[in-house]
Amino acid sequence: MSARTLPLLFLNLGGEMLYILDQRLRAQSIPGEKARKDEWTDVDRKRVMNDIITTMFNKKFMEELFKPQDLYSKKALRTVYDRLAHASIMRLNQASMDKLYDLMTMAFKYQVLLCPRPRDVLLVTFNHLDAIKDFISDSPGILNQVDETFRRLIETYNCLSDGEFQLIRQTLLIFFQDMHIRVSLFLKDKVQNSNGHFVLPISGPVPWGTEVPGLIRIFNHKGVEVKRAEFTTAGNYFIPQREGSFELYGDRVLKLGTNMYSVTRPVETHMSGSSKTLASQAKENIAPNPLAKEELNFLARLLGGLDIQKPAGGDTGFRLNLFTTDEEEEHAAQTRPEELSYKVINIEATQEPGRRAELSRILGELEVAEPRPGSAEKGEDLLALMDGL
């Protein structure tokens, strides 16, 4: 496995999370002059996006993330996104958070599968970062944080060989291989089968630097071409006009990783029978995991300084429901296979002498916004308004 995969996985999944949250918050926003105190406004949406992006691209957090390291379990990584999604005034119940994570992972899995060449995984990442920069275009301070991560990506990955990118792509596919969750958007576009497996196209652009298939060249022992033969292909292939830009600015050409929710349409996830079977087969062994201690240490390094402050006065913040009704959310929580649900891991870092000081040096004190007065009422109103992804 590649030790350079984790930053790409984290940034791309984070980008998909921001796409989904932005789309749902925009759908429910009310103009500020017309909004009651219990309704979402565009100001609330921007605050949520700014808070999450600020936390996501914290400098010391990125420094820790970019250190060469193996991928950790799905549950360990899910914990990171649970803390990240709650780094603002927004609150998600476990069922809604599960659904959000399902959408994130399946979208990025599809993008990795469709990459014409392994190196294009980096272009997918750049597309996500370009879109994130658009979210905070009017916040220069946060924009600088994203640009700094952009430069770190360029410095770290532009020099890697094609073979190293192939290893990164294989590492990503291994991570996603047992995840076959059906997404209605993919089902409607006929790019996903009813069993959750993706349908890969047999036509389209060939990887940059390659030729359209259909010609066989035969060479002699001196390397001179002596014969040609043509064959018919089942697909309609063409050569891309140019390569996507791997710089801070430029045309990425590749559209994978752009915001597929920019056109408002409902997206749902469904668990199929085969998905449950595969999930059961992939269920983690209940015996002690030799990597468990290392995973907890990893989470402590990443999350130790990420203190999510609880709302004062018992308020729960702006509750965001990714289902149509409360009943659907409760039903999803009850029927979801246990092996696919993720529990939040709370790490008490103050029990070890000096541990808190060490984590503070790694991450610094990340400030997390507290809900403003009236946020609880606004969250309750969202339960009736959200028509679900």
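Biologist: How many residues does helix 1 have, and how far does it reach?
Modeller: This is a predicted model. In it, helix 1 covers residues 6-28, which is 23 residues. From its first C-alpha to its last it reaches 33 Å, close to the 33 Å expected at 1.5 Å a residue.

Biologist: Is helix 1 largely enclosed or largely open?
Modeller: Largely enclosed by the rest of the structure, because 21 of its 23 residues are buried.

Biologist: What does helix 1 give to the largest nonpolar core?
Modeller: That core has 77 residues. Helix 1 supplies twelve of them, the largest share. The members that touch the most other members are Leu9, Phe10, Met17, Ile53, Tyr81, Tyr157 and Phe186.

Biologist: Take Phe186. Which residues does it touch, leaving out those up to four places away in sequence?
Modeller: Phe186 touches Met106, Ala107, Tyr110, Val191, Gln192, Phe198 and Met260.

Biologist: Now charges. How many salt bridges does the structure hold?
Modeller: The structure holds 16 salt bridges. In general, side chains of opposite charge can pair when their charged atoms come close.

Biologist: Which residue pairs with Asp22?
Modeller: Arg45 does, and the closest N and O atoms are 2.9 Å apart. The two partners are 23 residues apart and link distant parts of the chain, with Arg45 in helix 2 (residues 42-56) and Asp22 in helix 1.

Biologist: Are those two buried or exposed?
Modeller: Arg45 has 5% relative accessibility, so it counts as buried, the cut-off being under 20%. Asp22 is also at 5% and counts as buried.

Biologist: And what about Lys67, which residue does it bridge to?
Modeller: Lys67 forms a salt bridge with Glu64, and the closest N and O atoms are 3.2 Å apart. Lys67 is partly exposed, with a relative accessible area of 45%, whereas Glu64 counts as buried at 5%.

Biologist: What about the cysteines, say Cys115 and Cys159, buried or exposed?
Modeller: Cys115 is buried, with a relative accessible area of 7%. Cys159 has 60% relative accessibility, so it counts as exposed, the cut-off being over 50%.

Biologist: Zoom out. How many helices and strands are in the chain?
Modeller: There are 14 helices and eight strands.

Biologist: And what share of the residues is buried?
Modeller: The chain has 389 residues, and 50% of them count as buried. The chain exposes about 18900 Å², with carbon and sulfur atoms supplying 52% of that area.

Biologist: One last thing. Of the contacts between residues at least 6 apart in sequence, what share joins residues at least 24 apart?
Modeller: The share is 81%.

Methods:
Residues are numbered from 1 along each chain as its sequence is written. This is a predicted model: local features need pLDDT of at least 70, side-chain atom pairs count only at pLDDT 80 or more; totals for chains, interfaces and linings use all residues. Side-chain values use heavy atoms; hydrogens and water are left out. Helices (H or I, at least four residues) and strands (E, at least two) are DSSP runs, numbered from the N terminus. The expected span of a helix is 1.5 Å times one less than its number of residues. Buried means under 20% relative accessible area, exposed over 50%, partly exposed in between (1.4 Å probe, protein chains only). A salt bridge is a side-chain nitrogen of Lys or Arg within 4 Å of a carboxyl oxygen of Asp or Glu. Contact means heavy atoms within 4.5 Å. Accessible areas come from the Shrake-Rupley method with a 1.4 Å probe; for residues, only the protein chains shown count as cover. A nonpolar core is a set of buried Ala, Val, Leu, Ile, Met, Phe, Trp, Tyr and Cys residues joined through side-chain atoms within 4.5 Å.
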